[in-house]
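Subject: Structure handover

Hi,

Here is the structure I promised to pass on to you. Please have it open while you read, as my notes follow below.

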Amino acid sequence: MTLLTVINFKSITKYLAIITVFVFAKAVTAQTAVEQDVVALDNKNVQETLAAMDSVKPRTKTRFLIEGVAGVIGDYVILGSDIVTAKAQAKREAGISDISSCELMESLLSEKMYAHHAIQDSITIGDREIEGRTEGQIQYFKNALQTNDDQKIADFYKKENIAQVREALNRVNRDGLLAQRMQERITEQVEITPEEVREFYKSIPEKDLPLFNTEVEMAQIVVIPEPEKEEVNLVINKLAGYRADVIDNGADFAAKATLYSDDTGTERQGGVLSLKRNDPFVKEFKDQAFSLQEGEISEPFETMFGWHILYVEKIRGQIRDVRHILLKPYISVAQVENSKAELNAMRDRIILNEISFGDAAKEISDEEKTAQNGGKIINPNTGTGRIEVTRLESDMASTLQFLEKGDLSGVIEETDPRMGSTNFKVVYIIDKIPDHKANYANDYLKIKDLALKDKQVKAINKWRNEKITDTYIKIGAEYKDCDILNTWN
């Protein structure tokens, strides 16, 4: 067992992850006559396709359609156009330009093998889950293209209408979810013991030990300037007026959102959003979206972003199509300066040992999730206090590079582009671990994670090697020089 195994796992993970970027390209660019056979070919069609790969008659329509077949695995066909489009899509969407056609083919073969055997093992994916993922992707495309016009989405992906886009995406998402479930089934019983973690670490040569970036454990006090009560009431009254105008006079909610909403991400589209219960919207917003009936408009309500009214335009199963208007109460310069002064005064008290940092956080911090913990920040990915500095916002990372263990920062002013607001914070460095090679005692959790991934990829490779022997696989001659595909032949 060597670090090379871990590196290989990372490579495999990268290539599998690329599939989620480029599989949509396959669905929306393959010729219609071929698309109908991609998901589930019967035995007769598979044999005809294989025969065409070995002997193609020139100057015929059949040659034009079949010539693009790059491979067949189980009941799935992989087109040559999938590889070409995938490479362009990977570069555009993920910034990956160094991946080869051989590597893309290997990733596609893996995904289709997982999906094929998921079906054989009676793994099923519910239509709601597939359609939910599809709707999320369509909304993402709309946001990226800054449009709410379904036809523009269809035109962009060279489809006649949005229904064809949904059909293609549903097919791709079904295969992707089947592959994901199959991998989960393969690895669900894989566990790692402390002894295996130790053996994994010992097997890595000293010169090959991974380098971990600088980490910090820190606590913070955050003070957010608040608007005057009169400004809040002004906003609430405006929203109530917009609501009454729509309900009583038939005014257009979308037009009002375009004219008045402070949500720059949706105002051009009339405040429209689509969401499911598990989408990452704030709780108050989701509570309103899922408590109203189709056609209803909420009373004004508050979130961390400001005050809203919300209109449920359409209910589609688990999905709500809503429109909203956001107004942010005016915060005066005086209020901003008062907040800054309050934090400066508390910082002085901490320096003079009049109050501990933890008690100060509980007393004045406006960030609820850290205030009751004495301001301590927990890394949600690990459950520990350690955070890689490189994963922080660039301004914060720059500040932390000059602070050491036990240091207290000055007052830091931050602007949140999502909320369009300013807040102030001070940071206390509980501990700082500089760049270093992996150390078993200090980096046990990270090493354990690497060891577990190493064991999981071995389980996947073992499964794959066993299934290759009893799965029909045919790879086009143009890939005969791909060393990475040798085990697939």
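Let me begin with a loop residue: Q146 sits in the loop that joins helix 7 (127-145) and helix 8 (150-156). Please keep in mind that this is a predicted model. The phi of Q146 is near 55°, a positive value in a residue other than glycine. Most residues other than glycine have a negative phi, which is what made me look there. Q146 counts as exposed because its relative accessibility is 54%, and the cut-off for exposed is over 50%.

N353 has a positive phi as well, of about 60°, and is not a glycine. You will find N353 in the loop between helix 14 (333-351) and helix 15 (357-364). With a relative accessible area of 69%, N353 is exposed.

Next, the disulfide. A search of the whole structure turns up 1. The partners are C102 and C482, with their sulfur atoms 1.9 Å apart. C102 belongs to helix 6 (residues 101-120), while C482 is in the segment after strand 13 (473-475), so the pair ties together parts that are 380 residues apart in sequence. How accessible are the two cysteines, C102 and C482? C102 counts as partly exposed at 21% relative accessibility, whereas C482 is buried at 4%.

The largest nonpolar core has 33 residues, and M105, L109, Y479, L485 and W488 touch the most other members. Strand 1 (69-73), strand 2 (76-79), helix 5 (80-94), helix 6, helix 9 (162-187), helix 18 (444-468) and strand 13 each supply at least two residues of this core. The largest share, 8 residues, comes from helix 6. As for Y479, leaving aside its neighbours within four places in sequence, its contacts are A70, I83, S101, M105 and L485. Apart from this core lies another, of 14 residues, among them I221, V223, I355 and F357.

What covers them? At the start of helix 12, a side-chain oxygen of D252 comes to within 3.1 Å of the backbone nitrogen of A254.

Is S409 buried or exposed? S409 is buried, with a relative accessible area of 2%. Its side chain reaches the backbone nitrogen of V427 at 2.8 Å. Leaving aside neighbours within four places in sequence, S409 is in contact with R347, L403, V426 and V427.

That is what I have for now. Happy viewing!

Best wishes

Note on methods: Residues are numbered from 1 along each chain as its sequence is written. This is a predicted model: local features need pLDDT of at least 70, side-chain atom pairs count only at pLDDT 80 or more; totals for chains, interfaces and linings use all residues. Side-chain values use heavy atoms; hydrogens and water are left out. Helices (H or I, at least four residues) and strands (E, at least two) are DSSP runs, numbered from the N terminus. Buried means under 20% relative accessible area, exposed over 50%, partly exposed in between (1.4 Å probe, protein chains only). A polar contact is a pair of N or O atoms within 3.5 Å; within protein, one must be able to donate a hydrogen and the other to accept it, and residues adjacent in sequence count only if both atoms are side-chain atoms. A disulfide is a pair of cysteine sulfur atoms within 2.5 Å. A nonpolar core is a set of buried Ala, Val, Leu, Ile, Met, Phe, Trp, Tyr and Cys residues joined through side-chain atoms within 4.5 Å. Contact means heavy atoms within 4.5 Å.
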